[in-house]
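Hi everyone, thanks for making time today. Let me put the structure up, and then we can walk through a few local features together.

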Amino acid sequence: MNYLSVEQLTKTYGDRTIFENLSFGIDQGQKVALVAKNGSGKSTLLRCLIGEEHYDDGRVVFRNDINIAYLEQSDKLNPENTIYEEVFDHDLPKLNVFKKYSKAVRDNDEEGMASLFEAVSELNAWDLDSLVEQILSKLKLHNYDAKVSTLSGGQRKRVALAKVLIAEPDFLFLDEPTNHLDLDMIEWLEEYLSKSNATIFMVTHDRYFLEVITDEIYELEDEQLYRYKGNFSYYLEKKAEREENLAVEVGKARSQFKKELQWIRRQPKARGTKQKARIDAFGDIKKKAHTNIDKEELEIPVKMERLGTKILELHNISKSYPNLRILDKLSYTFKRKERLGIVGPNGVGKSTLLRIITGEEEPDAGKVVIGDTVVFGYYSQANIEVDENKKVIDVIREVAEFIPLEKGREMSAAQFLEKFLFPRSMHYNYVYKLSGGERRRLKLMKVLMSNPNFLILDEPTNDLDIYILSVLEDYLKHFQGCLIIVSHDRYFMDKMVDHIFVFEGDAQIKDITGNYTAFREQSKKDLLEEQAEKRQEKADAAKESAKKAEEKPKVKATKKPAEKKKLSFKEKQEFEALDAEVEALETEKENLTAILSSGEATSDELNESSKRLGELMQELEAKTERWMELAEFA
């Protein structure tokens, strides 16, 4: 069933064409992602589709009677609302009825509750409260009564996300949904959207997100739309094939162009019909022959200041705020070419550690020792200012006209801009004309152009497209200094770091060898070990209880039965089978509990799950009891 039909859509700004004659359709249940370079018009296309921006030509047609929700990068929340009021601020029958019923409950209005009871039941709105609670809890918006005006930018973004999810739309438009989410939130959202029945059209730079959720990827390039029916891995494979085919076509066109150019030059001014057709075709050949297909790896042999034996040492660093411990006697010595990733929930002190390292903030106790040869390059969105009225190239030239390379060579500011996908045509554009992603890229380049030998990058990937992320990864792969990265981009972390500080809160920090995937695998292993420990504790408690029971005085029997010392072969088999059965029942119990508390289940599913949970608890109790009996002799 078609939900969206787009025909011949065209959008221009002045003399610049953003896209031209785009046509595509999205069917019910599809999960589509749009990828393109920053400034290519991804967000513009979303706004045109949703009706928030005018387009020059074409048609956008949605199926009638479908509920549409749109998460944009800049939120439009009412600052006077509380979080709870804002997430319910939709003009939808189900939400409107539930809002009225909730108000009647708060006001203890029994007459109002009675009059709305039937409407809430008809619209199946009883599960809304648990749905809201689940979503706000997962997005760590615990203070429902907090006013929107008091929230940080990241919290506002999460309220906006909660708002579109709670609307349970048929068609969901998402513009960079993972920005300002920590890793746990991103993984929860990934799972939530994967299971959702909603049709989705999104823009995101999160490549693992694209891998897990999407079933089709659209690429907007050179004002054209290319479609790939598959996830991110499939897109990369097919894009490479397309580029190889294009290279072959361009090679043939260049060879043919030389021949046709010679023929054109030899022809007299008077031309026949055949000649005219050949001359007309020459224009197409020329255009194809001049297609730019050159790609280069971003290996820039920068001549940086060599790091000495002493680089960076942290000695018993402590830092606290009222009701919040960040660091507690943290000691660490950095080595040459160190590549450290830092992960953890928002607000546990990741950025605070970076500011302490660079001297922007003082620790409460302890000492930071920095080697004489260290040149920091510290990137975060907040700490780098760019004058919007300056030209792009002047922003970079302010830092340096040239960057020194090995063997006495150097690279100009203009060449460095081109390496980071700012073509010459953009060098004299004013900064205020750049997109959000382009401005971030320019700020990042200011840091890199300063030629540091110790790079600290705090969320460098936010708002950068997958093309520039590839360029940045390429640059960092050849970077010879030390590197610290704080990022929620799992794909980026997997490629860039070799060990991770995990901030767990309350000044607890784990150091895990390996990349992000290794960290998640370790987390799962720790969880399984914790569950096994709990089961063992239960078994030990049962043994202790049985031992005490045996020690109690007993009535003398005429004949003492033979004492059981070990399991029979059959009992041993039963014990081993019970171990697996108990674990399987525990897993099923967790799944059923999740269904009952998710707020997504139908009434039939709730009844069925509730009934099965009751049966399962009895079965689990019986098998656990038998397991404990046998465990005494195992």
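Let's start with charge: Glu529, Glu533, Glu537, Asp540 and Glu544 form a negative surface patch. A patch here takes residues with over 30% relative accessible area and no salt bridge, joining like charges within 9 Å and nonpolar side chains (Val, Leu, Ile, Met, Phe, Trp, Tyr) within 5 Å. A salt bridge would be a side-chain nitrogen of Lys or Arg within 4 Å of a carboxyl oxygen of Asp or Glu. Glu537 sits in helix 17, residues 516-551; helices are DSSP runs of H or I with at least four residues, numbered from the N terminus. Glu537 counts as exposed because its relative accessibility is 53%, with exposed meaning over 50%, buried under 20% and partly exposed in between, using a 1.4 Å probe and protein chains only.

A quick word on the source: this is a predicted model, where local features need pLDDT of at least 70, side-chain atom pairs count only at pLDDT 80 or more, and totals for chains, interfaces and linings use all residues. Residues are numbered from 1 along each chain as its sequence is written, and side-chain values use heavy atoms, leaving out hydrogens and water.

Now, backbone angles. Most residues other than glycine have a negative phi. Lys140, not a glycine, has a positive phi of about 55 degrees; Lys140 lies in the loop between helix 5 (128-138) and helix 6 (153-166). Leu421 also isn't a glycine, and its phi is positive at about 65 degrees. Leu421 is in the loop between helix 13 (413-419) and helix 14 (436-449), and is partly exposed at 34% relative accessibility.

Definitions and conventions. Accessible areas come from the Shrake-Rupley method with a 1.4 Å probe; for residues, only the protein chains shown count as cover. Lys and Arg count as positive and Asp and Glu as negative; His and the chain ends are not counted. The place of a charge is taken as NZ of Lys, CZ of Arg, CG of Asp or CD of Glu. Helices (H or I, at least four residues) and strands (E, at least two) are DSSP runs, numbered from the N terminus.
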